[in-house]
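Let's work through a few exercises together, with the structure open beside you. Try each task before you read its solution.

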Amino acid sequence: MSLSEEARNEQRLARSLSLRALVPNSITAAALCSGLTGIRFAISGDFEKAVSAVILAGVLDGIDGRAARMLKAQSRFGAELDSLADSISFGVAPALIVYLWSLRELPSFGWIAQRPKIDD
């Protein structure tokens, strides 16, 4: 096999891997968008939709890892994107939903997330 033929085979392999990795990464991106949508719904006061969006993010999070293993498309980028999606969807979004839903009205319980009032 000549050098140029070998280079073309590597390029074809790289293209096929990137297209293969597109499926699980797009599912992960959808999970990230679902978590961000949950935050948006919580801010607008629609808590049922906010919780539904976080649950959808959980379902998508379960699917993306399986899809990556099934397609043999695990990558460092996919792992980092999954970590970002998890931190937003299961860290930030639920905390904001709970705070905006109930703790904002109860300052003694929600004091950690509240900005302190400064008297002049």
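**Exercise 1. Confidence**

Task: Find which element of the protein chain has the lowest mean pLDDT and which has the highest.

Solution: 
- Start with what you are looking at: this is a predicted model.
- Take the chain as a whole next. Its pLDDT averages 83, and 73% of the residues score at least 70.
- Now go to the elements. Helix α1, residues 3-43, has the lowest mean, 81, while α2 has the highest, 95.

**Exercise 2. A patch on the surface**

Task: Decide whether I55 and I63 are buried, partly exposed or exposed, and find the nonpolar surface patch that includes I63.

Solution: 
- Place the residues first. I55 lies in helix α2, and I63 belongs to helix α2 too, which covers residues 47-70.
- Check I55. Its relative accessibility is 54%, and exposed means over 50%, so I55 counts as exposed.
- Check I63. Its relative accessible area is 41%; because this value lies between the 20% and 50% cut-offs, I63 is partly exposed.
- V51, I55, L56, V59 and I63 form a nonpolar surface patch, and their accessible area together is about 420 Å².
- P24 is 39 residues away along the chain, yet the two C-alpha atoms are separated by 8.1 Å.

**Exercise 3. A42 and its surroundings**

Task: Work out whether A42 is buried or exposed, and which residues beyond four places in sequence A42 touches.

Solution: 
- Locate A42: this residue sits in helix α1.
- Read its accessibility. The relative accessible area is 2%, and buried means under 20%, so A42 is buried.
- List the contacts. Leaving out residues up to four places away in sequence, A42 touches F47, A50, I97 and L100.
- Pick one of these, I97. A42 and I97 are 55 residues apart in sequence, but their C-alpha atoms are 5.4 Å apart in space.

**Exercise 4. The largest nonpolar core**

Task: Name the residues of the largest nonpolar core and the element that gives the most to this core.

Solution: 
- Collect the 11 members: L32, I39, A42, A50, V54, A85, I88, A93, I97, Y99 and L100.
- Zoom in on I88. Not counting residues up to four places away in sequence, I88 touches L32, G35, L36, I39, A93 and P94.

Technical notes
Residues are numbered from 1 along each chain as its sequence is written. This is a predicted model: local features need pLDDT of at least 70, side-chain atom pairs count only at pLDDT 80 or more; totals for chains, interfaces and linings use all residues. Side-chain values use heavy atoms; hydrogens and water are left out. Helices (H or I, at least four residues) and strands (E, at least two) are DSSP runs, numbered from the N terminus. Buried means under 20% relative accessible area, exposed over 50%, partly exposed in between (1.4 Å probe, protein chains only). pLDDT is the predictor's confidence in each residue, from 0 to 100. Patches are made of residues with over 30% relative accessible area and no salt bridge: like charges are joined within 9 Å, nonpolar side chains (Val, Leu, Ile, Met, Phe, Trp, Tyr) within 5 Å. Accessible areas come from the Shrake-Rupley method with a 1.4 Å probe; for residues, only the protein chains shown count as cover. A salt bridge is a side-chain nitrogen of Lys or Arg within 4 Å of a carboxyl oxygen of Asp or Glu. Contact means heavy atoms within 4.5 Å. A nonpolar core is a set of buried Ala, Val, Leu, Ile, Met, Phe, Trp, Tyr and Cys residues joined through side-chain atoms within 4.5 Å.
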